[in-house]
Structure formats: C-alpha cells, structure tokens
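User: Please examine the pockets of the model shown below, together with one of its helices.

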Amino acid sequence: MFAALLIDKNEAGQQVTLTNVDEANLPEGDVTVDVAYSTLNYKDALAITGSSPIARSFPMVPGIDLAGVVTDSTHPDWSTGDQVVLNGWGVGEGHWGGLAQRARLNGDWLVPLPPEFTARQAMSIGTAGYTASLCVDALLRHGIRPDQGEILVTGATGGVGSIAIALLTKAGFTVAAATGKSSETAYLQQLGAGTVVDRAELGERGKPLQKERWAGAIDTVGSHTLANVCAQTRYNGAVAACGLAQGMDFPGTVAPFILRGVTLLGVDSVKADKQRRLDAWGRLARDLDPAALDSIAREVTLAEAIPTADKLIDGTVRGRYVVDVNR
C-alpha cells in the first residue's frame, strides 16, 4: 500500500482524498519509481479543484511532476537505484501522476536527475522551471541576444516567471517583470529583474501596434496580455508563449507579425522530445543558482496540497510549491 491523492468523480461531483492505494492498482509501465518529491503546478490545481477538466479518466492520481528512485525496471535505459525526473507526458491527466509515494511509468518519459540538484531541488524547479528553460532556449534559438534590449516576463511571480527571470539574468539579459503584486517587487529584484511593470498596463485591450519596448518576451498569461506584449515587441523580436493564466484567447491582430516581423513562439512542455528536455535540464543545472530555489519554493505535505490548490487558483501565492509525498 502507498499514500496518494486520488481524484474520483460520480453523479455527486468530484472528490479528492488522501488515501492508501494497493500497488496492484498502479497503471501499466516498465519502470516503477519510489517518489521522493512532487510539485503543485497550476495544472495540478485545476485538476484538484475541478476548475478545468484536466483529469481525463477516474480515479486519477494528479501530479504532472515527480522525482524519485527507480525500484524496478524492464526498460533498457533504467536500473534499480537510478535517480530520475519526470515532467509532463500527460502524467496526472491520463496516467497516474506524482502526488503519491509510488508511480509506474513509461521509461521513455524519464530523464536522469542532474547531479547538481537534489530531488527536492529538482521539484522546486519542476515543470514550471523546465518550461521556463524551454522558453529561454526558444528565444536564443531565434537569435535574441542580450545587447538587443529588455526581455519582458509576464506572470513574473509565478513558477515559470520566477525561474525565467533567474535564467535570463544568468544568460546576460536585462529583464523586466510584469506583476500585479507590487508587494513582491523586492522578490523579483532579488531574482534579477531590473524593472517591474504593473500588469494592469497589459491586461486590457490595446492598440494593434504600440511603442516598441521589448527585444523579446516570455508570456505565461495569454489573452489581452499576450496581444499587448506582441504589440510592444520590437522589430524582428520574438515572444515565447507558454501559459493562459488570463485566458486561452488571443484578442490581437496580425500587425506585429506582418509589419514588425515579430515571431510568436509556442512552447509546449508536455510532449517536448527527449533531447529538448535534456537541453532544458542542462541549462537549469548550469545556470540556475540552487540557492535561488530556497526563495522560490515552499514545502507542503500531500494532505496540505489539497487546500494549497485553492490558493493557486485564487492567485494568492507566489513561486513554487514542493510536495513531500512521504510526510
């Protein structure tokens, strides 16, 4: 038996409980992992609160991230005792996820835990940090350089935004952070932000083309914010879009793309191929100060993950939540 958060649904609605599960009920897979830590992402919060139909089958163990140790494997890449990390691949949505003490997975989904990090530190990074690293890689592959001007990060106090600021700063960029939480200015400056922008400047419908401000941007918000960011991006700049906290819509025009050559780069972390995952974790291991993780992440228990999900949906928290699944 092992402890797990379990989402179930019946005619009365959705229920989420902390319960003990028989190992015989684990899903199919060729690698079994003793989970050390998981995380609480916005997507996990949507699944736990039932705010969005993230879970595609029931019962479902949520948790799109995990770090732990292989205890059994028939996969050629993994042996008992290997330390591994998993992000995405539909885990916690269509396949039981990381908010449990044990998981059974497809070995192709796993990457090795970088030796620079402990399992807890890797989950302080989680899908949010891995996505932030994918976004930085996307801007660099497009040719955006530090001497071209400021990079804007929206949703700056969130998990993706926080780590994106730290990675961009380490890569030599000057970073502007957009947030609605003026009380977090010192936190954002500690991560490396040189300028803090009130998100209200970006959150309403704006003109199709606006004053050119940003060499590039990482947007975690979508909707009017993404449209305004594109309208403010300089000629031949690029915007990496990876989130929808404000909305899934894109109420903008093609003007930034056809009149300024702005490129909108979609970043998907769920099905990114293994080489991009290894590159992203390599950047995190090389450029992210492990000490910075202490100011980004807070720790909760499995039971505490349920009420914390409500706070994530309300937007009343900042940074990352690491879940110690063994207490």
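Analyst: Helices and strands are taken here as DSSP runs, numbered from the N terminus. The model is predicted.

User: Which element supplies the largest share of the lining of the second largest pocket?

Analyst: The second largest pocket has a volume of about 150 Å³, and its lining includes L134, A138 and R141 as well as L265 and G266. Two elements, β13 (263-266) and α2, each supply at least two residues of that lining. The largest share, three residues, comes from α2.

User: How many residues of that lining are charged?

Analyst: Among the residues lining the second largest pocket are R141, D268 and R276. Asp and Arg count as charged. Beside five nonpolar residues and one polar residue, the lining of the second largest pocket has a charged group of three.

User: Which residues lie closest to the centre of the largest pocket?

Analyst: The largest pocket has a volume of about 1,400 Å³. Of the 50 residues lining this pocket, the closest to its centre are Y42, T220, G243, L244 and A245.

User: Against which elements do the buried residues of α1 pack?

Analyst: The helix α1 (42-49) is among the elements that give two or more residues to the lining of the largest pocket. Within α1, residues D44, A45, L46, A47 and I48 are buried, that is, under 20% relative accessible area. The buried residues of α1 pack against β1 (2-10), β2 (13-21), β3 (31-39) and α9.

User: What is the phi of the residue that follows α1?

Analyst: The helix α1 is followed by G50. The phi of G50 is positive, near 75 degrees.

Methods: Residues numbered from 1 in each chain as written. Predicted model: local features only at pLDDT ≥ 70, side-chain atom pairs only at ≥ 80, totals over all residues. Heavy atoms only, no water. 1 Å grid on protein atoms, 1.4 Å probe; cavity = no way out; pocket = protein on both sides within 12 Å on 5 of 7 lines; lining within 4 Å. Points joined across faces, edges and corners; volume = space filled by probe spheres on them. Helix = DSSP H or I, 4+ residues; strand = E, 2+ residues; numbered from the N terminus. Buried < 20%, exposed > 50% of the residue type's maximum accessible area, 1.4 Å probe, protein only. Contact = heavy atoms within 4.5 Å.
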